[in-house]
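Colleague: Could you walk me through how to read the charged contacts and surface features here?
Modeller: Gladly, let's look together.

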Amino acid sequence: ALRAELPEAGLMAMVDKKRIRQVLLNLLSNALKFTPEGEISVKAMHGGSGFLVVDVKDTGKGMDKDQLDNLFNPYYHQSRDSTSASGLGIGLALSQIFVMLHGGEIRATSTPGKGTTVSFTVPSC
């Protein structure tokens, strides 16, 4: 299942639309890879201090601390079983760069067996 939680009032951000779209699609793609069954949610909200916060949360397999510590390293691959889709391992590293170039931050939290949440911030209008 995919759920979107958006406030009724529009959210405005000063961003490169193509790059932030790429970040969001990468986060959704990763959530889908590691959540063969369960739920993926996208939530956008005002984060205060002039920032918009976007969370992509899944109920997938989650990660341990070592995997989480390496998540944004280029070419890092979380160990996968043979049914998982492959990738180059640069999507999250690029996402981090794009978000940082906007003056925002990206971070992840995870619990093995319970899922992962990746959140990023960008300046709001």
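Modeller: A search of the whole structure finds three salt bridges, each being a side-chain nitrogen of Lys or Arg within 4 Å of a carboxyl oxygen of Asp or Glu. This is a predicted model, where local features need pLDDT of at least 70, side-chain atom pairs count only at pLDDT 80 or more, and totals for chains, interfaces and linings use all residues. Residues are numbered from 1 along each chain as its sequence is written, and side-chain values use heavy atoms, leaving out hydrogens and water.

Colleague: Which parts does the bridge between Arg 3 and Glu 39 tie together?

Modeller: The N to O distance in that pair is 2.7 Å. Arg 3 sits in strand 1 (residues 2-5) and Glu 39 in the loop between helix 1 (17-33) and strand 2 (40-48), so the bridge links parts 36 residues apart in sequence. Helices (H or I, at least four residues) and strands (E, at least two) are DSSP runs, numbered from the N terminus.

Colleague: Where do Asp 69 and Lys 65 lie?

Modeller: Both are in helix 2 (residues 65-70), four residues apart, about one turn of the helix.

Colleague: Is Lys 65 buried or exposed?

Modeller: Buried means under 20% relative accessible area, exposed over 50%, and partly exposed in between (1.4 Å probe, protein chains only). Lys 65 is exposed, at 61%, while Arg 3, at 47%, is partly exposed.

Colleague: What about Leu 101?

Modeller: Leu 101, found in helix 3 (residues 91-101), has a relative accessible area of 68% and is exposed.
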